[in-house]
Amino acid sequence: ALGHSRPQCWVSAVYSRPGAEAQKWHADGPHISRAADWDGRGHAPPYALCVFLPLIDLNPEVGFTQFWAETHKFDRLIGFGGACEELEANTDGLVGAGDAILYDYR
């Protein structure tokens, strides 16, 4: 999925404490090449893969991450994350401990 280059691995941990405020919508990684046109064509191939692996069950009580599917292809949507919920386009990351969610950066 990431081409023929030699893979590299970076590891980081993100955590939140009980009662922490919800994060604002944001892009986790930058667009470093071609973004898609409004028809979804012309985007660059992926340059990185993120494995989101919660250590506890994510649910409405403890919180969860929301995703706006396919937006990683469009750099012109950065800053418009709030529209995702209004458009009912969000995907709730309600997953169990150890269940992986994978997404790429383009």
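Leu102 lies in strand S4, which comprises residues 101-105, where helices (H or I, at least four residues) and strands (E, at least two) are DSSP runs numbered from the N terminus. The model is a predicted one, in which local features need pLDDT of at least 70 and side-chain atom pairs count only at pLDDT 80 or more, while totals for chains, interfaces and linings use all residues. Residues are numbered from 1 along each chain as its sequence is written, and side-chain values use heavy atoms, with hydrogens and water left out.

With a relative accessible area of 52%, Leu102 is exposed; in this classification, buried means under 20% relative accessible area, exposed over 50%, and partly exposed in between (1.4 Å probe, protein chains only). Together with Leu49, Val51 and Leu53, Leu102 forms a nonpolar patch on the surface, and the accessible area of these residues together is about 380 Å². Patches are made of residues with over 30% relative accessible area and no salt bridge, like charges being joined within 9 Å and nonpolar side chains (Val, Leu, Ile, Met, Phe, Trp, Tyr) within 5 Å. The accessible areas come from the Shrake-Rupley method with a 1.4 Å probe, and for residues only the protein chains shown count as cover.

Asp104 is also placed in strand S4, but Asp104 counts as buried because its relative accessible area is 17%. Leaving aside neighbours within four places in sequence, Asp104 is in contact (heavy atoms within 4.5 Å) with Pro46, Ala48, Leu49 and His72. Leu49, one of these partners of Asp104, is also a member of the nonpolar patch. The side chains of Asp104 and Arg106 are joined by a polar contact of 2.8 Å, a term that denotes a pair of N or O atoms within 3.5 Å; within protein, one atom must be able to donate a hydrogen and the other to accept it, and residues adjacent in sequence count only if both atoms are side-chain atoms.

The side chains of Asp104 and Arg106 also meet in a salt bridge (2.8 Å, N to O), defined as a side-chain nitrogen of Lys or Arg within 4 Å of a carboxyl oxygen of Asp or Glu. Arg106 counts as buried, since its relative accessibility is 13%. Elsewhere, salt bridges that share partners join Asp37, Asp39 and Arg41 into one network. A search of the whole structure finds three salt bridges.

Cys84 is placed in helix H1 and is buried, with a relative accessible area of 0%. Not counting residues up to four places away in sequence, Cys84 touches Trp25, Phe67, Trp68, Ala89 and Asn90. The C-alpha atoms of Cys84 and Val51, which are 33 residues apart along the chain, are separated by 22 Å. The loop between helix H1 (82-86) and strand S3 (90-92) contains Glu88, which has a positive phi of about 55 degrees although it is not a glycine. Glu88 counts as exposed, at 72% relative accessibility.

For the protein chain as a whole, the secondary structure comes to one helix and four strands, which follow the pattern β-β-α-β-β when read along the sequence. The C-alpha trace spans about 40 × 35 × 20 Å along its principal axes. Of the 106 residues in the protein chain, buried residues make up 20%, and the chain exposes about 8,500 Å², of which carbon and sulfur atoms supply 55%. Among contacts between residues at least 6 apart in sequence, 75% join residues at least 24 apart. As to confidence, the protein chain averages a pLDDT of 82, and 94% of the residues score at least 70, pLDDT being the predictor's confidence in each residue, from 0 to 100.
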